[in-house]
Amino acid sequence: MALETIRFDIQDFIKTPEQQAGVLEAALEDGDPDLIATIIADIREAQRRNGIGPDEPKETGNRR
(Lines give C-alpha, C1' and ligand atoms only; values in the text may rest on other atoms or scores of the structure.)
Protein backbone atom coordinates (compact mmCIF):
# COMPACT_ATOMS: atom_id res chain seq x y z
CA MET A 1 0.00 0.00 0.00
CA ALA A 2 1.45 3.38 -1.04
CA LEU A 3 1.86 6.14 1.50
CA GLU A 4 -0.42 9.07 0.73
CA THR A 5 1.03 12.51 1.46
CA ILE A 6 -0.33 16.04 1.42
CA ARG A 7 1.35 19.37 0.80
CA PHE A 8 2.26 21.18 4.04
CA ASP A 9 3.34 24.82 4.17
CA ILE A 10 4.11 26.15 7.64
CA GLN A 11 3.32 29.70 6.55
CA ASP A 12 -0.34 28.67 6.30
CA PHE A 13 -0.31 27.94 10.04
CA ILE A 14 1.71 30.82 11.53
CA LYS A 15 -0.41 33.82 10.65
CA THR A 16 -0.60 35.57 14.02
CA PRO A 17 2.28 36.98 16.05
CA GLU A 18 1.41 34.53 18.83
CA GLN A 19 1.68 31.54 16.48
CA GLN A 20 4.95 32.86 15.07
CA ALA A 21 6.37 33.37 18.55
CA GLY A 22 5.36 29.84 19.49
CA VAL A 23 7.20 28.15 16.64
CA LEU A 24 10.24 30.39 17.15
CA GLU A 25 10.28 29.55 20.87
CA ALA A 26 10.15 25.83 20.06
CA ALA A 27 13.04 26.21 17.61
CA LEU A 28 15.09 28.14 20.16
CA GLU A 29 14.45 25.45 22.77
CA ASP A 30 15.67 22.84 20.28
CA GLY A 31 18.85 24.87 19.77
CA ASP A 32 19.56 23.74 16.20
CA PRO A 33 20.91 26.81 14.34
CA ASP A 34 19.67 25.52 10.96
CA LEU A 35 16.17 25.01 12.34
CA ILE A 36 16.17 28.48 13.91
CA ALA A 37 17.26 30.06 10.62
CA THR A 38 14.58 28.15 8.73
CA ILE A 39 11.86 29.19 11.17
CA ILE A 40 12.93 32.84 10.98
CA ALA A 41 12.73 32.68 7.17
CA ASP A 42 9.30 31.02 7.42
CA ILE A 43 8.07 33.75 9.78
CA ARG A 44 9.31 36.49 7.43
CA GLU A 45 7.54 34.84 4.51
CA ALA A 46 4.31 34.43 6.52
CA GLN A 47 4.47 38.11 7.48
CA ARG A 48 5.10 39.12 3.87
CA ARG A 49 2.12 37.04 2.71
CA ASN A 50 -0.08 38.73 5.30
CA GLY A 51 1.19 42.21 4.45
CA ILE A 52 2.85 42.79 7.82
CA GLY A 53 6.47 42.11 7.00
CA PRO A 54 9.25 44.68 6.95
CA ASP A 55 9.14 44.77 3.13
CA GLU A 56 5.50 45.86 3.06
CA PRO A 57 4.28 49.40 3.73
CA LYS A 58 2.02 49.64 6.76
CA GLU A 59 -1.45 51.17 6.44
CA THR A 60 -1.68 54.36 8.46
CA GLY A 61 -5.26 55.29 7.67
CA ASN A 62 -4.13 58.73 6.42
CA ARG A 63 -4.48 58.04 2.70
CA ARG A 64 -5.46 60.94 0.49
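Reader: What makes the pairing of the side chains of Gln 11 and Arg 49 a polar contact?

Author: In this predicted model, the side chains of Gln 11 and Arg 49 are joined at 3.3 Å, and a polar contact asks for a pair of N or O atoms within 3.5 Å, so the value meets the cut-off. Gln 11 itself belongs to the segment before α1, and beyond its neighbours up to four places away in sequence it touches Asp 42, Glu 45, Ala 46 and Arg 49.

Reader: How do you know whether Gln 11 is buried or exposed?

Author: The relative accessibility of Gln 11 is 9%, and buried means under 20%, so Gln 11 counts as buried. Across the protein, buried residues make up 19% of the 64 residues.

Reader: Why is the pair Arg 49 and Asp 9 called a salt bridge?

Author: The closest N and O atoms of Arg 49 and Asp 9 are 3.0 Å apart, and a salt bridge requires a side-chain nitrogen of Lys or Arg within 4 Å of a carboxyl oxygen of Asp or Glu, so the pair qualifies. This pair links distant parts of the chain, since Arg 49 sits in helix α2 and Asp 9 in the segment before α1, 40 residues apart. Arg 49 is partly exposed at 41% relative accessibility, whereas Asp 9 is buried at 12%.

Reader: What makes Arg 7 and Asp 9 a salt bridge as well?

Author: Their closest N and O atoms are 3.9 Å apart, and the limit is 4 Å, so this pair also passes. Arg 7 has a relative accessible area of 70%, and exposed means over 50%, so Arg 7 is called exposed.

Reader: How many residues apart are Glu 45 and Arg 48, and what does that mean in helix α2?

Author: Glu 45 and Arg 48 are three residues apart in helix α2, which means that about one helical turn separates them. In general, an α-helix has 3.6 residues a turn, so residues three or four places apart point the same way. Glu 45 and Arg 48 form a salt bridge, with their closest N and O atoms 2.6 Å apart; Glu 45 is partly exposed at 24% relative accessibility, and Arg 48 is partly exposed at 39%. Salt bridges that share partners join Arg 7, Asp 9, Asp 12, Glu 45, Arg 48 and Arg 49 into one network, and a search of the whole structure finds five salt bridges.

Reader: How do you know that the buried residues of α2 line one face of the helix?

Author: The buried residues in α2 are Ile 36, Ile 39, Asp 42, Ile 43, Ala 46 and Gln 47. Seen down the axis of α2, they fall within an arc of 135°, so they line one face of the helix. These buried residues pack against α1, while the face of α2 turned away from the buried side carries the exposed residues Pro 33 and Asp 34.

Reader: What makes the reach of α2 close to the expected one?

Author: Helix α2 has 17 residues and reaches 24 Å from its first C-alpha to its last, and the span expected at 1.5 Å a residue is 24 Å.

Reader: What makes Asp 32 a cap of α2, and at which end?

Author: A side-chain oxygen of Asp 32 lies 3.0 Å from the backbone nitrogen of Asp 34, and Asp 32 in this way caps the N-terminal end of α2. Just after α2, Gly 51 takes a positive phi of about 70°.

Note on methods: Residues numbered from 1 in each chain as written. Predicted model: local features only at pLDDT ≥ 70, side-chain atom pairs only at ≥ 80, totals over all residues. Heavy atoms only, no water. Helix = DSSP H or I, 4+ residues; strand = E, 2+ residues; numbered from the N terminus. Buried < 20%, exposed > 50% of the residue type's maximum accessible area, 1.4 Å probe, protein only. Polar contact = N/O pair within 3.5 Å; in protein donor to acceptor, adjacent residues only side chain to side chain. Contact = heavy atoms within 4.5 Å. Expected span 1.5 Å × (residues − 1). Arc of directions from axis to C-beta.
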